[in-house]
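Subject: Structure for you to look at

Hi,

Here is the structure I promised to pass on. Please open it first, and then read my notes below.

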Amino acid sequence: MSVLRSPQPDQAAALSDLCVRSKAVWGYDAAFLEACRAALTLTADDWMDSELQVAMEGERILGLAQVRGSGQVVELDKLFIEPEARAAGIGRQLFDWCVAAARKRGAMVMTIDADPGAADFYRRMGAIDDGVVASSVIPGRFLPRLKLDLASGPTA
C-alpha cells in the first residue's frame, strides 16, 4: 500500500498534471483535456479551503484526493490516480481517506460529480446515483452526480 500524506503547495503543478494524465485514461482527445485543464488545476486556494491528500510510493506521487466544503454535505472534488498505478488499491485507499475527511468535517453526505468513466468506481465504493449535474467545462455536457450517506456508508 502507498503512504498517504498532505501535499505541499509547491507540488500544485505536478498534481495538476497528474489529474490531466489520469483523466486521459477515459479516451478523451487533447482538445477536451485542454478544455478541462483549468478545472483540474490546483491553486493556493485549494490548500486554504479544502483538504488534500496524496498517495506516495517513496518520493513518487501515485494519486491525489480532495474534499471540499463544510456542514452536512461536502464534496469529493478530486480523486485521480497515475494511469500505470490504477487497479492497485490506491483509489480505494484515497476514497477511504475522503470518507474520513468528510466525517471529520461533520458531514452526513459526500457528493461526487463524477467523470462518466469513473462513476462505476464510486458505485463500488457505496455511492448511489443522485441525478446529473451540468459540466462546468463543456456546455451541454452532464456528469453523473453520486452521493454517499456517511451515517450508514462504509467506514474508513
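**What I found**

The protein exposes about 7,700 Å², and 55% of that comes from carbon and sulfur atoms; accessible areas here follow the Shrake-Rupley method with a 1.4 Å probe, and for residues only the protein chains shown count as cover.

Before the rest, a word on the source. This is a predicted model, in which local features need pLDDT of at least 70 and side-chain atom pairs count only at pLDDT 80 or more, while totals for chains, interfaces and linings use all residues. Residues are numbered from 1 along each chain as its sequence is written, and side-chain values use heavy atoms, with hydrogens and water left out.

On the overall fold, you will find 5 helices and 7 strands, in the order β-α-α-α-β-β-β-α-β-α-β-β along the sequence. Helices (H or I, at least four residues) and strands (E, at least two) are DSSP runs, numbered from the N terminus. With a radius of gyration of 15 Å, close to the 15 Å that the globule rule gives for 156 residues, the protein is as compact as a globular protein of that length. That radius is taken over C-alpha atoms, and the rule is 2.2 Å times the number of residues to the power 0.38. The C-alpha trace spans about 40 × 40 × 30 Å along its principal axes.

Buried residues (under 20% relative accessible area; exposed is over 50%, partly exposed in between) make up 46% of the 156 residues.

Ile-112 is worth a click: leaving aside residues up to four places away in sequence, Ile-112 touches Leu-76, Phe-95, Tyr-122, Ala-127, Pro-144, Arg-145 and Leu-146, where contact means heavy atoms within 4.5 Å.

Best wishes

Definitions and conventions: Buried means under 20% relative accessible area, exposed over 50%, partly exposed in between (1.4 Å probe, protein chains only).
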